[in-house]
Amino acid sequence: EKVACVKVLNVFPANIQQRIPSINAQILIMNAETGIIEGILDGSYVTQLRTGAASGAALDILAKRECKKGALFGTGGQAPAQLEAMIVARNLEEVQVFDVNFERAQAFIQQMTIELGHYGTNITAVPNADTAVQDADVIITVTPSTTPVFDGNKIKSGATICGIGSYQPHMQELPPSLLARASKVYFDSQEAVLSESGDIIIPLNDGTITKEKFTGDLGDVICGNVAGRENDEEIILFKTVGIAA
């Protein structure tokens, strides 16, 4: 049967204060010959899987082989899939989780220890961003923050960072110092990121970085058209705002 799908997605960042997800979505399944809606799927779960898969793919391709520690910033609706993605991509011994609300981070840890305990990774909540990022091999930020969530100078050589939040031009969760230090910068879609993400738009506009810093899209690395990681010392950033692929 021929079908067409449309995902309707709403973003309300303040929802986290009410302990409900900031992203809510539904997928409409339509008969492509009659236009009749034949089904409705949970688009929120699909969004979590797709966004987690983007980080998982990036870390699988760009992170150094031997990674021991992960750091996760943010504990909202997208965070569980991001946490699982880094654990699946690399056999991490521990992941430290930071949220501006420490109690929220602790509650998240309790739930994730139950859901992801079979991986054997030690998952803990930390009250300090510097603690989380210290000596981390892989880092994922998934916040709606308008100010950087960690100190870019604390990132160690060889780290791979996935910027998942900052999906609007005024948002900026990644520190400009990280952009300046990064050896390579990849995107899910450079065109999409440059039209949506303050993480890249802001430092580009103020001259902290230039487009010469951009290495290419992850898809080009997968296809062998752009180089990936070339040694274990490179600091690599992957920035995504989400595309259908």
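Modeller: Let us begin with Thr 143. Leaving aside its neighbours within four places in sequence, Thr 143 is in contact with Phe 73, Gly 74, Val 149, Gly 165, Ser 166 and Glu 173, where contact means heavy atoms within 4.5 Å. Please note that this is a predicted model, in which local features need pLDDT of at least 70 and side-chain atom pairs count only at pLDDT 80 or more, whereas totals for chains, interfaces and linings use all residues. Residues are numbered from 1 along each chain as its sequence is written, and side-chain values use heavy atoms, with hydrogens and water left out.

Colleague: Why is Thr 143 called buried?

Modeller: Buried means under 20% relative accessible area, exposed over 50%, and partly exposed in between (1.4 Å probe, protein chains only). Thr 143 has a relative accessible area of 10%, so the residue is buried. Thr 143 lies in the loop between E7 and E8; such helices (H or I, at least four residues) and strands (E, at least two) are DSSP runs, numbered from the N terminus.

Colleague: What makes the approach of Thr 143 to Glu 173 a polar contact?

Modeller: A polar contact is a pair of N or O atoms within 3.5 Å; within protein, one must be able to donate a hydrogen and the other to accept it, and residues adjacent in sequence count only if both atoms are side-chain atoms. The side chains of Thr 143 and Glu 173 make such a contact at 2.7 Å.

Colleague: Is Arg 19 buried or exposed?

Modeller: Arg 19 has a relative accessible area of 57%, and is therefore exposed. Its place is in the loop between strand E1 (3–11) and strand E2 (23–31).

Colleague: How many aromatic pairs does the structure hold, and what makes two rings a pair?

Modeller: The structure holds three aromatic pairs. Rings of Phe, Tyr and Trp (its six-membered ring) pair if their centres lie within 6.5 Å; planes under 30 degrees apart count as stacked, over 60 as edge-to-face and the rest as tilted. The rings of Phe 73 and Phe 150 have centres 5.3 Å apart and planes at 40°, so this pair is tilted. The pair links distant parts of the chain, 77 residues apart: Phe 73 is in strand E4 (residues 69–73), and Phe 150 is in the loop between strand E7 (138–141) and strand E8 (160–163). Both Phe 73 and Phe 150 are buried.

Colleague: Why is the pair of Phe 187 and Phe 214 called edge-to-face?

Modeller: The planes of Phe 187 and Phe 214 stand at 90°, with the ring centres 5.0 Å apart, so the pair is edge-to-face. Phe 187 belongs to strand E9 (residues 184–187) and Phe 214 to strand E10 (residues 214–217), 27 residues apart. Both Phe 187 and Phe 214 are buried.

Colleague: What makes E1 and strand E3 (37–42) edge strands?

Modeller: Three strands form an open sheet in the order E1-E2-E3, with antiparallel pairing. E1 and E3 each have a single partner strand, so one side of each is left without a neighbour in the sheet. Two strands pair if DSSP finds at least two bridges between them, and E1 and E2 pair over nine bridges.

Colleague: Why is helix H2 (residues 79–89) described as largely enclosed?

Modeller: Eight of the 11 residues of H2 are buried, so the helix is largely enclosed by the rest of the structure. Among the buried residues of H2 are Leu 83, Met 86 and Ile 87.

Colleague: How do you know that Cys 162 is in no disulfide?

Modeller: A disulfide is a pair of cysteine sulfur atoms within 2.5 Å. The structure holds zero disulfides. For Cys 162, the nearest cysteine sulfur, that of Cys 67, is 11 Å away. Cys 162 has 0% relative accessibility, and therefore counts as buried.
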